[in-house]
Amino acid sequence: MTDVYLAGRGLASALGPDLAQAVLALRRGAVVPGRFELAPGHLTPYFGMPPSGEDWATRARRLVIDAVTESGALADRDGALLLASTSFDMGVRELGVPFDLDIAYFGEQVADWLEWRGPIFTVCTACTSALNALASGAALVRAGDVGSALVLGFELANHLTIGGFQAMQLLSPSGPQPLGAARNGLVLGEAVAALHLSATPSRWRLAGAANVVDSSDPAGAVAGAVATMCRQALAAGGLQAQQIDLIKLQAAGSGLNDSTELAGLRQVFDTLPPVLSLKALLGHTLGAAGAAEIALLLACIESGVWPARDYPLDPALQAPWAAHSPPRLRHILAVILGFGGGHAAVVLEDMLEGMLEDRAAR
C-alpha cells in the first residue's frame, strides 16, 4: 500500500499571512480576537484577518494563491484539488451577487485562480470538512488515482455564518477558553489553509483516518461516536492507543462539548496523553479548521515554539494539557467534531522522530 505524506503546508489566518508570521505571533505571546460588527453597534469577538481594502473576490483569490504557493502545491497542478468549506463564497453573495449557481461553482472558480489542471472536488461536511477532505485526498493518492492532492480549507467572514452561531447562543461574549474553568462559548475565525499530499516520503506521514457520523445530537458531540472514531483511526494506522503522544482536540470552549469530547477519549485511552486545543489562537475556522490547525501545529513543532495558554483550566475535566511540547511526539491524533454528528480524526506520524528512535534502538 502506498504511504501518503504531507509534502507542504500553507496558512493565512488571524495570526498572520503565512506560517512563519503565525509562529512569530505565538512567540510574542498573548493572542486576542478582534471584533466583528454583526449589526450597527453589535460587536462579537472574532479572529479575522486584517482588512485590506480589496473587494471580496480579489482578497479571496490572493489568500488562496498565497497559501497554496506556501504549500508548494503550485508545482504539481495535475493532482486532485479538494476544496473544504462551509461558507464558500457567501461573503460575495451577501454583497449582492445572485444565488443562481450550484455549490461546485466556487471550487471551479478557485481552480481557475490556481490554473489547476487536475480533478476538482468540493467537500462540505460542516466543521469536519477539511479533515474529511484530507482523508479523501490521501485515499486518492494511496489508490494511485492521482499522483498528489491539495486540500484547501477556506473560510472567510460573512454575516450569515456568524449571525447563525450568535442566534444559537453558541458564541462567547468575551473570548475562547477551550477546557477553561470560565469557558462560555466559541469564537469563530477566518483561515485559508493548504495541505499538499504526495507519495514522496517527507517528515509527516498520514498514518490513519476515520469519520463517524452520529446525529443523535445534531449540534453536539456524542461520547460513543468520539470513541468509535478514535478506535477506527488507530486501527487504520495499525496503532494502539498507548502509541499516541499528543491529541489535538476539537475543544472550542463549549461547556458541554469540551467535556463530552474528553469523556469519549477516555473510553479509548486508559490514561489520556497530553492534549491541546488551538482555537484560543485561531478561533474556530469551521470547514477549514482541520487543515488550519494541523498546519499550525506542525509549524509549532518544527520551529520549537509551543502555543501558550493564559487562562485556568476546569479542574473537573482533569485534562492533561500540554503546556510544553511533550518529550516524545511520534504519533499525533488530530480531532475535529462538527454539526450534523460529524466526528473525524487523522493520525500523523513524525518520520524523523521514528528514524531517530529506530537508530537509538540499534
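Contact here means heavy atoms within 4.5 Å. This is a predicted model, where local features need pLDDT of at least 70 and side-chain atom pairs count only at pLDDT 80 or more, while totals for chains, interfaces and linings use all residues. Residues are numbered from 1 along each chain as its sequence is written, and side-chain values use heavy atoms, with hydrogens and water left out. Helices (H or I, at least four residues) and strands (E, at least two) are DSSP runs, numbered from the N terminus.

- Let's start with the open sheet: 10 strands make it up, in the order 5-4-6-7-1-8-12-11-9-10, with mixed pairing. Two strands pair if DSSP finds at least two bridges between them.
- Strand 5 (120-123) and strand 10 (275-276) sit at the edges with a single partner strand each, so one side of each has no neighbour in the sheet.
- Strand 11 (residues 331-338) and strand 12 (residues 342-350) run antiparallel and are joined by eight bridges. V335 stands opposite A345 in strand 12.
- Helix 4 lies across strand 4 (80-84), strand 5 and strand 6, at about 125 degrees to strand 4. Axes are lines fitted to C-alpha atoms, for helices over the stretch in contact, and angles run from 0 to 180 degrees between N-to-C directions.
- Helix 5 lies across several strands, including strand 1, strand 4 and strand 12, and runs at about 165 degrees to strand 4.

**Helix 2**

- Helix 2 (residues 56-71) has 16 residues, which at 1.5 Å a residue should span 22 Å, and its end C-alpha atoms are 23 Å apart, which agrees. The expected span is 1.5 Å times one less than the number of residues.
- W56, R59, A60, L63, V64, A67, V68 and S71 are buried in helix 2 (buried is under 20% relative accessible area, exposed over 50%, partly exposed in between, with a 1.4 Å probe and protein chains only).
- Looking down the axis of helix 2, its buried residues fall within an arc of 150 degrees, so they line one face of the helix. That arc is taken from the directions from the helix axis to the C-beta atoms.
- Those buried residues of helix 2 pack against strand 1 (5-13), helix 3 (90-93), helix 4 (104-114), strand 6 (148-155) and strand 7 (191-198).
- At the start of helix 2, a side-chain oxygen of D55 comes within 3.2 Å of the backbone nitrogen of A57. After the helix comes G72, with a positive phi near 85 degrees.

**The loop between helix 6 and strand 7**

- Both S172 and R183 belong to this loop.
- S172 counts as buried because its relative accessibility is 1%. Beyond neighbours within four places in sequence, S172 is in contact with T44, P45, N184, G185, L186 and V187.
- R183 is buried too, with a relative accessible area of 14%. A polar contact of 3.0 Å joins its side chain to that of D314 (a polar contact is a pair of N or O atoms within 3.5 Å; within protein, one must be able to donate a hydrogen and the other to accept it, and residues adjacent in sequence count only if both atoms are side-chain atoms).
- The side chain of R183 also has a polar atom 2.9 Å from the backbone oxygen of G180.

**A227 in helix 7**

- A227 is in helix 7 (residues 223-236) and counts as buried at 0% relative accessibility.
- A227 and V268 are 41 residues apart in sequence, yet 5.9 Å apart in space, C-alpha to C-alpha.
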